[in-house]
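Here is a brief report on one protein model. Look over the sequence and fold before reading on.

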Amino acid sequence: MKKHTTVILFGATGDLAKRKLFPAFYKLYKNSELPKDITILSTARSEFSQQKFNEYVKEQINTFSSVKRVENKFLDLINYHTLDFSSQESFDELITKAKEPILNKKKIELEIIIYLAISPQLFSGVLKKLN
């Protein structure tokens, strides 16, 4: 059975994500070490269009790694979702978005990886809303 991996990254505009996680994801991509079918679903409270978020990620990778040119094909793996941490509806929309890559496709298993690059005080609330 084919598998699609979705990484849900909470805190995508925070210090850990911009200094370490996005440069690391890009390095894995360049070394062909990411799963073939992967989506990096990035969430934060900040309002970004997809295009503006891609520009933000590209800028962070350029700033915090030795890379000077980020491939657009890598940016195509990234989706952005503005998240209201107090709203169950916002979390429900996030889960729907996480499942989009396999909608209407038969025999594809979805693997979801959750990375909490947020304040530990938010962990419990986020996990409860994800259910």
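## Aromatic pairs

F85 is buried, at a relative accessible area of 14%; buried means under 20%, exposed over 50%, and partly exposed in between, with a 1.4 Å probe and protein chains only. F10 is buried too, at 0%. This is a predicted model, in which local features need pLDDT of at least 70, side-chain atom pairs count only at pLDDT 80 or more, and totals for chains, interfaces and linings use all residues. Residues are numbered from 1 along each chain as its sequence is written, and side-chain values use heavy atoms, leaving out hydrogens and water.

The structure holds 12 aromatic pairs. Rings of Phe, Tyr and Trp (its six-membered ring) pair if their centres lie within 6.5 Å; planes under 30 degrees apart are stacked, over 60 edge-to-face, the rest tilted. F10 and F85 form a tilted pair, 6.4 Å centre to centre with 55 degrees between the planes. The pair links distant parts of the chain, 75 residues apart: F10 sits in strand β1 (residues 2-10), F85 in the loop between β3 (78-82) and α4 (88-99). Helices (H or I, at least four residues) and strands (E, at least two) are DSSP runs, numbered from the N terminus.

The rings of F48 and Y80 are edge-to-face, with centres 5.5 Å apart and planes at 80 degrees. F48 lies in the loop between β2 (38-44) and α2, and Y80 in strand β3, 32 residues apart. F48 is partly exposed at 26%, whereas Y80 is buried at 5%.

## Helix α1 against helix α2

The axes of α1 (residues 15-30) and α2 (residues 50-64) come within 9 Å and cross at roughly 95 degrees. Axes are lines fitted to C-alpha atoms, for helices over the stretch in contact, and angles run from 0 to 180 degrees between N-to-C directions. The two helices are therefore roughly perpendicular (65 to 115 degrees).

Contact means heavy atoms within 4.5 Å. Here K18, R19, F22, P23 and Y26 of α1 meet F53, Y56, V57, Q60, I61 and F64 of α2.

## The sheet

Four strands form an open sheet with parallel pairing, in the order β3-β2-β1-β4. Two strands pair if DSSP finds at least two bridges between them. The edge strands are β3 and β4 (108-116). Six bridges join β1 to β2.

α2 lies across β2 and β3, at about 115 degrees to β3. α4 packs on the sheet and touches β1, β2, β3 and β4.

Methods: Angles under 35 degrees count as roughly parallel, over 145 as roughly antiparallel, 65 to 115 as roughly perpendicular and the rest as oblique.
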